[in-house]
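Please report on the structure shown below.

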Amino acid sequence: MASHRKPRTSVLTSPGGRRTAAGLTSAALASVTLLSQSAHAAPKAPRPTIEEVKQQVDGLYRQAEVATQKYNAAKERADHQRTTVDGLLDAAAKRAQKMNDTRRELGTFASAQYRTGGMNPTAQLMLAKDPQQFFDRSHLMERLTSRQQQAVSDYEEQAAAAARQRAEAGRSLERLQTSQASLKASKQSVQQKLAEARQLLSRLTVQEKARLAELERKKEAAAKRKAEEEARRQQERERHQQHDSGTAGGGTAGGDTGGSTGGTQSTKAEKALAFARAQIGKPYVWGATGPSSYDCSGLTQAAWKAAGVDLPRTTWDQVKVGQRVATSDLHPGDLVFFFDDISHVGMYIGGGKMIHAPHPGADVREESIYYMPIYGSVRPG
């Protein structure tokens, strides 16, 4: 008799059931895993404060300035090496022309020997039409032999000199390639740092940008107050010095007039300052030396060049030129360097202020020398 019991639908006996059960089991496990991960997920990093953003941006600008000075140094080396290589190649070309001239002269001597057939003097005397013709020819050949020896000697010297020039040109080309590689790396570093700074600033809201601008104004105001205080102290020191010396213009320390530096130095400083003032409002562009834009050391170099004084290209080299002076003894025209890495420079104008090219996105302007930490100062000329 047929059984009326319903067949069991165990997932163990039904292939379709096994797939369904397995799918449900996988989904359940996945849900549990996701819930577990969500429960233990790290909290989202808090948005940086405006103060932190400013600190990061300022740091990136500083790093970009360091990379800019490396770029300037590499470019200067590359330009120098390129000039050296061009000079060596020109000299090698002239040397090759001289060698060609000597080679032609040697060819003329060889042809003369070939025409005489290398005959000995006795045979030449026997075949000569008259003895006088032989003696004239013999005298000429002696002179040719002397010239030939000199030509051979000249050729050997020129060949050796050409070999030396080729070797030196090869070494100079290697140095040029090294400088160009350094130039490329420094350029990429500058661009990377500036791109990071732009990215940070682009994420700010309108309100955050306004807050950042307010922080910048406060920093500038604090630096300005410090400059004014230092200017007042300076004036007080000068009055005391004038009183002690018993003369009307006897101040020697830090006088904003610059009179104690001597007439020639004062005139040069005035010319440099006049040039720097004329550049106010022009944009900062890294690696630029004018006339439409500048970086910090490009501005100071161009200003002092207008006064007839040649300064090196980088801040690291400019700080080594001239007389070192204390901050309290600054005169207009002196160069003030900033940060421990000496990555920035400005030109002192008196009253605790300077003219400088600040950073990308800013124009050449007047600013307190106390806006940044001072490394030291020099007086060019």
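## A buried serine and its loop

S293 is buried in this predicted model. Its relative accessible area is 13%, and the cut-off for buried is under 20%. The residue lies in the loop between α6 and α7. Leaving aside residues up to four places away in sequence, S293 touches P283, V285 and A288.

The loop between α6 (263-278) and α7 (296-306) also holds P291. The peptide bond from G290 to P291 is cis. Its omega is near 0°. Most peptide bonds are trans.

D295 forms a salt bridge with R313. The closest N and O atoms are 2.9 Å apart. D295 lies in the loop between α6 and α7, and R313 in the loop between α7 and α8 (315-318). The pair therefore ties together parts that are 18 residues apart in sequence.

Are the two partners buried or exposed? R313 counts as buried, at 8% relative accessibility. D295 is buried as well, at 0%.

## The sheet

Six strands make up an open sheet. Their order is β1-β6-β2-β3-β4-β5, and the pairing is antiparallel. β1 (323-325) and β5 (365-368) stand at the edges. Each has a single partner strand, so one side of each is left without a neighbour in the sheet. From one strand to the next, the twist averages 40°.

Strand β4 (residues 353-356) runs antiparallel to β5. Four bridges join these two strands. K353 has S368 in β5 as its bridge partner. Helix α7 packs on the sheet. The helix touches β2, β3 and β4, and its direction makes about 45° with that of β3.

I342 is another, with a phi of about 50°. Most residues other than glycine have a negative phi.

F339 is found in the loop between β2 (335-338) and β3 (344-350). I342 is found in the loop between β2 and β3 too. F339 is buried, with a relative accessible area of 12%. I342 is buried at 11%.

D341 lies in the loop between β2 and β3. Its side chain meets that of R62 in a salt bridge, 2.8 Å from N to O. R62 belongs to helix α2 (residues 50-116), so the pair ties together parts that are 279 residues apart in sequence.

Side chains of opposite charge can pair when their charged atoms come close. R62 is partly exposed, with a relative accessible area of 31%. D341 counts as partly exposed too, at 26% relative accessibility.

## Helix α5

How does the span of helix α5 compare with what its 40 residues should give at 1.5 Å a residue? The helix covers residues 206-245 and should span 58 Å. Its end C-alpha atoms are 58 Å apart, which agrees.

The buried residues of α5 are E208, L212, L215, E216, A223, A227, E230, A231, Q234 and E238. E216 also takes part in a network of salt bridges with K54 and D58.

## A pair within α5

The side chains of E236 and R239 meet in a salt bridge. The N to O distance is 2.3 Å. Both residues lie in helix α5. They are three residues apart, about one turn of the helix.

E236 is partly exposed, with a relative accessible area of 33%. R239 is partly exposed at 46%.

## Salt bridges in the whole structure

How many salt bridges does a search of the whole structure find? The search finds 14. Among them are R62 with D341, E236 with R239, and R313 with D295.

Terms used. Residues numbered from 1 in each chain as written. Predicted model: local features only at pLDDT ≥ 70, side-chain atom pairs only at ≥ 80, totals over all residues. Heavy atoms only, no water. Expected span 1.5 Å × (residues − 1). Buried < 20%, exposed > 50% of the residue type's maximum accessible area, 1.4 Å probe, protein only. Pairing = 2+ DSSP bridges. Axes fitted to C-alpha atoms, helices over the stretch in contact; angles between N-to-C directions. Contact = heavy atoms within 4.5 Å. Salt bridge = Lys/Arg side-chain N within 4 Å of Asp/Glu carboxyl O.
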